[in-house]
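Please read each point with the coordinates open.

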Amino acid sequence: MSASVYRRRETKNVVAQILASSAALLALVFLAWILWVTVSRGVHAIGVPLFTRITAYADQGGLANAMVGSLIMDLMAIALCAPVGVLAGAHLAEYARGTRLGETIRFLNDILLSAPSIVLGLFVYVIFVLPMTALTNGTTTFSALAGSIALALIGLPVIVRTTDEMLQLVPSTLREAALSLGIPQWKLTVQVLMRAAGSGILTGVLLALARLAGETAPLLFTAFGNNYMTYSPLAKMASVPAAIYQYTNDPNPAMHAIAWAGALLITLFVLALSLLARALFSRKKTSHD
Amino acid sequence: MPTAIAIETICRRNAADALHDKLFRGVLRVCALLVLAALLGAALSTLWGGREVLFGDGWHFLTSAQWNPVENRYGAWAPIYGTLVTSCIAILIAVPLSFGIALFLTEIAPLWLRTPVATAIELLAAIPSIIYGMWGLFVFVPFMANHIDPLLDSSLGRLPLVGALFRGPPLGLGLLTAGIVLAIMIVPFISSVMREVFQTVPARLKESAYALGSTTWEVVWDIILPYTRQAVIGGIFLGLGRALGETMAVTFVLGNAYDFSTSLLMPGTSISSSIANEFNEAVGLHRSALIALGFLLFVVTFVVLLIARWMLRSLKRKEGNA
């Protein structure tokens with residue numbers, strides 16, 4: 001009797017462990033599958049024309065204008081959300097610790113972190129694209145600037161959260177030492193604390209860039225897309241993710257090949273950034289504990 | 001009189017410092033309030049953009065299944081149904097899978113294996129959703145059509161009652177495929193929360209159970225899981241919030257059809273994919289209906305994420321992803 005109970009428990013344990021291990025294995029299989037497909041299909045279309053020709057050539061073309069567009073919009077988005085995010089994070093960590101407003105903002109920031117990006121796109125469409133259309137009598141509608149604002153909204157919560165946490169990691173002896181020398185609090189925050197948490201804050205900016213560089217949905221009705229090279233922030237602008245979306249919906253297989261090449265570039269860029277951020281963060285943690 | 005000058009300078013400097021401090025504080029506060037403004041703005045602007053439909057049709061908009069741009073009549077039930085069904089499938093698949101992964105990473109795997117496997121699984125969350133969409137459309141949809149759909153149709157499809165869910169032509173596209181792709185996308189979020197909270201269980205609790213002769217499974221099921229129940233539910237809601245709002249991946253594999261079907265193997269639509277597919281061709285009331293859909297999506301995900309964060313609030317916070 002007791003032997004059979006023991007055997008049943010043992011069997012249950014072994015089965016559970018095997019199932020759990022296969023769950024982990026399954027996740028790794030999907031990761032490998034997706035990466036393998038992206039690399040093997042993307043590599044064929046990577047060549048000089050991909051980087052030199054614009055999307056107007058369709059299946060004879062490349063993604064030059066989309067790459068430039070993505071670069072411009074991603075950098076503009078970071079330029080918009082990094083200062084605001086760092087300052088907001090500093091507010092949470094240095095000025096609003098333990099206050100109700102601070103806790104509320106921290107809580108809602110975490111919600112913004114997972115909010116659907118397509119709704120943020122709609123938001124920018126209603127508050128920016130529509131008024132611009134009305135103001136300019138329709139000469140300016142969708143624009144790179146609108147796209148950057150939408151992307152900035154996606155990067156903002158990442159930077160706020162990381163900055164907040166990194167500043168909280170700075171030992172309070174540093175604050176006390178600086179304040180006892182008579183330094184005003186703003187100087188303490190900017191020149192001592194932000195410098196001490198510098199690489200951590202940079203991690204947040206990199207994570208935000210990794211996050212927004214792959215976004216497609218919010219760009220569809222803010223920056224729209226463009227088959228020609230543009231540099232103006234008030235013009236419709238192409239981006240790699242939006243071009244991939246457009247090419248994937250095309251029935252022509254040659255277009256799919258270019259889309260896969262774009263997908264490979266974006267994936268490499270995003271994965272490299274998140275691994276870099278991870279490396280920076282782990283070094284930071286060991287040096288400060 | 002050097003001391004008098006010094007005191008005067010100090011006073012002036014103190015006054016200037018106080019002013020600068022006040023200004024700095026104000027700027028910081030405005031930046032922090034921008035986070036609130038972004039959330040509030042997203043809700044209000046989509047409410048405003050969708051007012052013609054939301055206030056014009058009222059409840060009819062929610063319950064009607066008719067989406068007809070030609071006759072300019074819009075009912076949101078088909079996209080709502082698609083969003084709910086695909087998210088439910090995703091949760092049903094992702095929760096046991098994530099639990100297994102967390103169990104593997106905290107109790108089973110040898111120590112040297114834990115960090116690399118955890119990092120690899122978290123990389124799944126870093127892959128942009130459009131890549132999931134392309135992989136889904138070009139690789140996973142044919143895989144479903146050739147292998148899984150016929151299998152389901154001839155096995156589960158024969159059953160009474162539930163059979164209706166799994167009957168249908170092997171299209172590959174459809175609610176089930178979208179649910180599976182979503183499941184893969186949310187697994188890293190749920191499993192990383194579970195892994196993190198499993199690690200917070202005090203060692204003495206686990207060790208006591210082991211000392212009494214418990215197996216690993218019994219420790220996990222009877223000690224770790226009850227101890228972490230609240231945060232685990234929070235993690236599941238976090239995954240649900242992600243699944244509800246996911247756009248690009250779903251848009252490619254769902255098939256964008258407003259026809260109703262009981263079968264999970266048939267194409268459907270979801271809130272986010274309707275917006276992504278139709279927004280740029282829509283004008284007037286059609287566009288208003290799509291923005292109203294965006295408002296619904298925002299409200300639902302907001303509530304789900306609110307519950308998630310509430311459940312997770314006691315947890316120590318991690319670096320910027322999650």
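1. Which handedness does the crossing of H8(B) and H9(B) have? The crossing of these two helices is right-handed, where a crossing is called left-handed if the near helix is turned anticlockwise from the far one by less than a right angle, and right-handed if clockwise. Helices (H or I, at least four residues) and strands (E, at least two) are DSSP runs, numbered from the N terminus.

2. On provenance, this is a predicted model, in which local features need pLDDT of at least 70 and side-chain atom pairs count only at pLDDT 80 or more, while totals for chains, interfaces and linings use all residues. Residues are numbered from 1 along each chain as its sequence is written, and chains are lettered from A and ligands numbered from 1 in the order in which they are written.

3. To complete the description of that helix pair, H8(B) covers residues 203–211 and H9(B) covers residues 216–227, and the two pack at an angle of about 155° with their axes 10 Å apart; axes are lines fitted to C-alpha atoms, for helices over the stretch in contact, and angles run from 0 to 180 degrees between N-to-C directions. H8(B) and H9(B) are therefore roughly antiparallel (under 35 degrees counts as roughly parallel, over 145 as roughly antiparallel, 65 to 115 as roughly perpendicular and the rest as oblique). Leu205(B), Lys206(B), Ala209(B) and Tyr210(B) from H8(B) make the contact with Glu218(B), Val219(B), Ile223(B) and Tyr227(B) from H9(B), two residues being in contact if their C-beta atoms, placed from the backbone, lie within 7 Å. By class, this contact has 6 nonpolar, no polar and 2 charged residues, with Ala, Val, Leu, Ile, Met, Phe, Trp, Tyr, Cys and Pro counted as nonpolar, Asp, Glu, Lys and Arg as charged, and the others, Gly among them, as polar.

4. Turning to the interface, 72 residues of chain B are in contact with 76 residues of chain A. On the chain B side, helix H1 (residues 2–49) gives the most, with 21 residues, and the side as a whole has 47 nonpolar, 17 polar and 8 charged residues.

5. The crossing of H4(A) and H13(B) is right-handed. Phe107(A), Asp110(A), Ile111(A) and Ser114(A) meet Phe302(B), Leu305(B), Leu306(B) and Arg309(B), and the residues of this contact divide into 5 nonpolar, 1 polar and 2 charged.

6. Chain A taken by itself has 12 helices and 0 strands. Its radius of gyration is 24 Å, well over the 19 Å that the globule rule gives for 289 residues, so chain A is more spread out than a compact globule; the radius is taken over C-alpha atoms, and the rule is 2.2 Å times the number of residues to the power 0.38. The C-alpha atoms of chain A fill a box of roughly 75 × 65 × 35 Å along the principal axes.

7. Within chain A, Ile78(A) is found in helix H3 (residues 64–95) and is buried, with 22 other C-beta atoms within 10 Å (buried means 20 or more other C-beta atoms within 10 Å of a residue's own, exposed 12 or fewer, and partly exposed in between, with C-beta atoms placed from the backbone). Leaving aside neighbours within four places in sequence, Ile78(A) is in contact with Gly155(A), Val205(A), Ala208(A) and Leu209(A).

8. Two backbone values in chain B deserve a look. Asn72(B), in the loop between strand S1 (67–68) and strand S2 (73–74), has a phi near 60°, a positive value in a residue other than glycine, and counts as exposed with 10 C-beta neighbours inside 10 Å. Asn256(B), in the loop between helix H11 (248–254) and helix H12 (271–278), has a positive phi of about 45° although it is not a glycine, and with 18 C-beta neighbours inside 10 Å counts as partly exposed.
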